[in-house]
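Welcome! Take a moment to look over the sequence and turn the model around before reading on.

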Amino acid sequence: VIDNWQMEQSEYGKVILRIVRGEGFSQKDEANLVAIFYEQGLNLQIEYVSEIAKTHSGKQKFLIQNIV
């Protein structure tokens, strides 16, 4: 189970996925995520965090795209 998540991309072919793990999240879940992204041609880096920051207006960005 994933309680919350956010993706960030700063370069082509690579995605950072920030995850707030929920109860029951396992290594198998992580491996499945890596495989899904790999099948799409993306290198996935997972960062486990305790919370996802919100914007000044209180909203959450699900995708931060830094590629111009």
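What follows is a walk through this model, from its overall layout to some of its individual residues.

**Ground rules**

This is a predicted model, in which local features need pLDDT of at least 70 and side-chain atom pairs count only at pLDDT 80 or more, while totals for chains, interfaces and linings use all residues. Residues are numbered from 1 along each chain as its sequence is written, and side-chain values use heavy atoms, with hydrogens and water left out.

**The overall layout**

Reading from the N terminus, the order of elements is β-β-α-β-β. Along the principal axes, the C-alpha atoms fill a box of roughly 35 × 35 × 15 Å.

How much of the protein chain is buried? Of its 68 residues, 26% count as buried. Buried means under 20% relative accessible area, exposed means over 50%, and partly exposed lies in between (1.4 Å probe, protein chains only). A contact means heavy atoms within 4.5 Å. Among contacts between residues at least 6 apart in sequence, 58% join residues at least 24 apart.

**How the strands pair**

Two strands pair if DSSP finds at least two bridges between them. Strand 1 and strand 2 run antiparallel and are joined by seven bridges. In this pairing, Trp 5 stands opposite Ile 19 in strand 2. Strand 2 also pairs with strand 3, in the parallel sense, over six bridges. There, Lys 14 stands opposite Asn 43 in strand 3. Between these two strands the chain passes through helix 1, and this β-α-β crossover is right-handed. That term applies if, with the strands pointing away from the viewer, the path from the first strand over the helix to the second runs clockwise.

Gly 13 sits in the loop between strand 1 and strand 2. The hairpin of these strands has two residues between them, and Gly 13 takes a positive phi near 85 degrees. With 28% relative accessibility, Gly 13 counts as partly exposed. Leaving aside neighbours within four places in sequence, Gly 13 is in contact with Gly 41, Leu 42 and Asn 43. Gly 13 and Lys 59, by comparison, are 46 residues apart in sequence and 27 Å apart in space, C-alpha to C-alpha.

Gln 9, in strand 1 (residues 2-11), is buried, with a relative accessible area of 14%. Not counting residues up to four places away in sequence, Gln 9 touches several residues, including Lys 14, Leu 42 and Ile 67.

**The nonpolar core**

In soluble globular proteins, nonpolar side chains tend to be buried together. A nonpolar core is a set of buried Ala, Val, Leu, Ile, Met, Phe, Trp, Tyr and Cys residues joined through side-chain atoms within 4.5 Å. Which residues make up the largest nonpolar core? It has eight: Val 15, Leu 17, Ile 19, Phe 25, Leu 33, Phe 37, Leu 44 and Ile 46. Strand 2 gives the most, with three residues. Strand 2 is itself mostly covered, as six of its eight residues are buried.

**Rings that meet**

Rings of Phe, Tyr and Trp (its six-membered ring) pair if their centres lie within 6.5 Å; planes under 30 degrees apart count as stacked, over 60 as edge-to-face and the rest as tilted. By this rule there are two aromatic pairs.

| Pair | Centre to centre | Angle between planes | Type |
|---|---|---|---|
| Trp 5 and Phe 62 | 5.2 Å | 45 degrees | tilted |
| Phe 25 and Tyr 48 | 5.9 Å | 70 degrees | edge-to-face |

Trp 5 lies in strand 1 and Phe 62 in the loop between strand 3 and strand 4 (63-65), so the pair ties together parts that are 57 residues apart in sequence. Trp 5 is partly exposed at 34% relative accessibility, and Phe 62 is partly exposed at 43%.

Phe 25 lies in the loop between strand 2 and helix 1, and Tyr 48 in strand 3, so this pair links parts 23 residues apart in sequence. Phe 25 is buried, with a relative accessible area of 15%, whereas Tyr 48 is partly exposed at 30%.

Technical notes:
Helix = DSSP H or I, 4+ residues; strand = E, 2+ residues; numbered from the N terminus.
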